[in-house]
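Colleague: Could you take me closely through one part of this model, the segment that follows the helix, and tell me which residues come together there?

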Amino acid sequence: MDRALAGGMSERAVGGTPISGSDRPSRSFGRGRVCQEEGCGTRLSMYNEGRYCYRHEPMVVPRTRGKKIA
Ligand SMILES: [Zn+2]
């Protein structure tokens, strides 16, 4: 029984190999994008998923005891 179990597990491990070897680029949001704020034109980081630069990003600020950070 132990043997059967071990065999099944190793088979499973092989079959369940996650995606690998693909040359899919890591998650990014494109290069050369700029802030959508009129007249800004700040280049956005390709890791910035927003459409605005850090200064114009509509911030979703978690409520911190009613204190407004801005
Ligand atoms: Zn901006």
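Modeller: What follows is a walk through that segment, residue by residue.

This is a predicted model, in which local features need pLDDT of at least 70 and side-chain atom pairs count only at pLDDT 80 or more, while totals for chains, interfaces and linings use all residues. Residues are numbered from 1 along each chain as its sequence is written.

The secondary structure of the protein amounts to one helix and zero strands, where helices (H or I, at least four residues) and strands (E, at least two) are DSSP runs numbered from the N terminus. Of the 70 residues in the protein, 3% are buried; a residue is called buried if 20 or more other C-beta atoms lie within 10 Å of its own, exposed if 12 or fewer do, and partly exposed in between, with the C-beta atoms placed from the backbone.

Cys53 is partly exposed because 19 other C-beta atoms lie within 10 Å. When residues up to four places away in sequence are not counted, Cys53 touches Cys35, Cys40, Thr42 and Leu44, a contact being two C-beta atoms, placed from the backbone, that lie within 7 Å. Arg33 is 20 residues from Cys53 in sequence, and their C-alpha atoms are 9.8 Å apart in space.

Arg51 is another residue of the segment after H1, and its 15 C-beta neighbours inside 10 Å are why Arg51 counts as partly exposed. Between Arg51 and Val34, which are 17 residues apart along the chain, the C-alpha atoms are separated by 7.4 Å.

Glu37, finally, is found in the segment after H1 and has 14 C-beta neighbours inside 10 Å, so Glu37 counts as partly exposed. Leaving aside neighbours within four places in sequence, Glu37 is in contact with Tyr52 and His56; the C-alpha atoms of Glu37 and His56 are separated by 6.8 Å, although these residues are 19 apart along the chain.
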